[in-house]
Amino acid sequence: MALTRRSFLLRSGVTAAGLIGSHSWAERLNAQAVSDNTFFAQIDSVSIPLRDWSGFTVFGGSADVLAPRTEGDVVEIVRHCRQQNRQCRVVGRRTSWNTKWYGDGDTLMLSTAHLDALSFDQDAGTVTCGPGVLLETIHREAWARGLTLSNAPAPPWVTIGGAVSTGSHGSLMGGSLSSRLTRCRLVVADGSVVEMKSDHPYMDAARISLGMLGVMTQLTLQLDPAYRLKLVQQPMATADWRQALVDSGPMSFVHASTRDPASTLFKVVREASVPPLSDEVVTGEDAHGQFWMSGPAHLVVMNFQPPSPTIAGSEWAVPIELFSSVMEAFQSLDLSLPSMVWLKKVMGESSLLASGNDPQKVYVECGAYHDVAGSQNPRKIVEMVRKVEALMLAYGGRPHLSKLISMTSGEMLKVYPALTQFQEIRRQLDPQNMFYTQRLAKLFG
Ligand SMILES: Cc1cc2nc3c(=O)[nH]c(=O)nc-3n(C[C@H](O)[C@H](O)[C@H](O)COP(=O)(O)OP(=O)(O)OC[C@H]3O[C@@H](n4cnc5c(N)ncnc54)[C@H](O)[C@@H]3O)c2cc1C
């Protein structure tokens, strides 16, 4: 009989730590993971690399962590943690750069990889799924039913649980993906399951919570009737960024130069078409030699594949009326910026930890990234984040929670006044800080 990696480890008693090297945190996590896996013999495990997606932060090696298949499994794990006075962290695809999803020392980590149930309510136009379902699966299955998940971030290879919990977003179609959440089920620290609808008093805390309130085991999101988009790539004057971003279609975005007068606009417009909609993607060049692409919305603007080499950086949401000052500073100050930054637009939303907090307002989401190029914590990225962050804070900016953040908890509280309310709810649901590690406390106070 072929042995799985997990059964090999259990039978041989060899800890993964022995196989992977000497990093003490990784060793402790692995030693603990083997004993957890023995205790929860009925619950599967998966191997996860102990690093963020880009290699910006590397803890060393990998660990076999629990991968529950049902909400009952999650409840069992959380109850065990409560009895043992252990901390618990949940992870999806671990693409978040800020690595707040890691635990400390003997934290029990669980993966949502097998929480992958998926169903649609065609009449209500909703999807209900486990947190481990990948966005690409939802996009594909929704399209087959004449529906589209708007507001999703560009990469389709991340989990819905991770994308919602970090407030990941697409563009002006609304707020972040979290604003599409209409119901969820959350396993909280006492092992009970809290079911929330949009009007639940804790819902705006649960929407974007980085796993600090518990483990989401089921999410329901509102979809739109399926639509196709056309994207045209065209040169533009950097000075025209506002007009280009706001006036040229619902999901247009800008690759803006931080030094030159010339930038690139990715102008995205809805295609007039009648059902049944073709799922074909067509590309071409217009008479001016400009590249264009037309197809299902998710394949045109929510289909960004992993770049190689990998990148790391940060993103901030700044009220659009203040962003001209940011653009001027880009041109005049030495901020260690890459030559180009990404500008998108989002609407504010009600979630307590949303980067855009006024539902009536438009925000510019500005992302600055550098290649990681094989080195951990590359200096140029650390310096860039520090300098740009200071500028963004001066203009009412808030960081994207899945990206690099160098702020102190005091600075976080200043720009997120609703953090106080979030913390009250968190303490009610998790008085013993089961889901709240030192890493998280360092940022959120
Ligand atoms: C190349 C690249 C491009 C990106 N582009 C965009 C973009 O266009 N727009 C954008 O907004 N973002 C973007 N992101 C950010 C991305 O959407 C987030 O990193 C998101 O978290 C991805 O999900 P994940 O499965 O990797 O989550 P993870 O990184 O594994 O987890 C993220 C957080 O969610 C929590 N979490 C996960 N599952 C649950 C659960 N079941 N219950 C409670 N908490 C949970 C974790 O504890 C963690 O704190 C990009 C990231 C990359 C690497």
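User: Great, thanks. Let me start with a cysteine: is C366 buried or exposed?

Analyst: C366 counts as buried, with a relative accessibility of 1%. One thing to keep in mind as we go: this is a predicted model.

User: Noted. What about C129, buried or exposed?

Analyst: C129 is buried too, at a relative accessible area of 2%.

User: And how many disulfides do you count?

Analyst: The count comes to 0 disulfides.

User: Okay, on to the ligand. How many residues surround the ligand, and which are the closest?

Analyst: There are 36 residues around the ligand. The closest are V90, R94, T95, T159 and H169.

User: Which polar atoms lie by the ligand's oxygen atoms? Start with T159.

Analyst: T159 places a polar side-chain atom 2.7 Å from an oxygen atom of the ligand. K344 also has a polar side-chain atom there, 3.0 Å from a ligand oxygen. With L210, the atom belongs to the backbone: an N or O atom of that residue lies 3.2 Å from an oxygen of the ligand.

User: How much of the ligand does the protein bury?

Analyst: The protein buries 98% of the 970 Å² that the ligand exposes when taken alone.

User: Which elements give two or more residues to that shell?

Analyst: Those are β3 (88–91), α6 (160–165) and β10 (215–222). The largest share comes from α6, which supplies 4 residues.

User: And by class, what does the shell around the ligand have?

Analyst: It has 16 nonpolar, 15 polar and 5 charged residues.

User: Which domains does the shell draw at least three residues from?

Analyst: Domain 1 (5–111) and domain 2 (118–225) each give at least three residues to the shell around the ligand.

User: Nice. Changing topic to backbone geometry: where are the cis peptide bonds you'd point me to?

Analyst: One joins P275 and P276, with omega at about -5 degrees. P276 sits in the loop between β14 (262–270) and β15 (282–285). Another joins S308 and P309, where omega is about 0 degrees. For P309, the place is the loop between α9 (297–301) and β17 (311–319).

User: Why do you single those out?

Analyst: Because most peptide bonds are trans.

User: Then what is the phi of N151?

Analyst: N151 has a positive phi of about 70 degrees, although it is not a glycine. You'll find N151 in the loop between β7 (147–148) and α6.

User: Is N151 buried or exposed?

Analyst: N151 is buried, with a relative accessible area of 1%.

User: What does the side chain of N151 reach?

Analyst: The side chain of N151 reaches the backbone oxygen of G175 at 2.8 Å. That side chain also makes a polar contact with the side chain of R180, at 3.0 Å.

User: While we're on R180, how far apart are T283 and R180 in space?

Analyst: Their C-alpha atoms are 30 Å apart in space, and 103 residues separate T283 and R180 in sequence. T283 belongs to strand β15, and T283 is partly exposed at 47% relative accessible area.

User: Last one! Where does A113 lie?

Analyst: A113 is in the loop between β4 (108–111) and β5 (118–121). This alanine, A113, is partly exposed, with a relative accessible area of 38%. From A113 to G72 the C-alpha distance is 15 Å, with the two 41 residues apart in sequence.

How values were computed:
Residues numbered from 1 in each chain as written. Predicted model: local features only at pLDDT ≥ 70, side-chain atom pairs only at ≥ 80, totals over all residues. Heavy atoms only, no water. Near = heavy atom within 4 Å. Polar contact = N/O pair within 3.5 Å; in protein donor to acceptor, adjacent residues only side chain to side chain. Areas by Shrake-Rupley, 256 points an atom, 1.4 Å probe, with all protein chains shown as cover. Nonpolar A, V, L, I, M, F, W, Y, C, P; charged D, E, K, R; others polar. Domains from an automatic or database assignment. Disulfide = S-S within 2.5 Å. Buried < 20%, exposed > 50% of the residue type's maximum accessible area, 1.4 Å probe, protein only.
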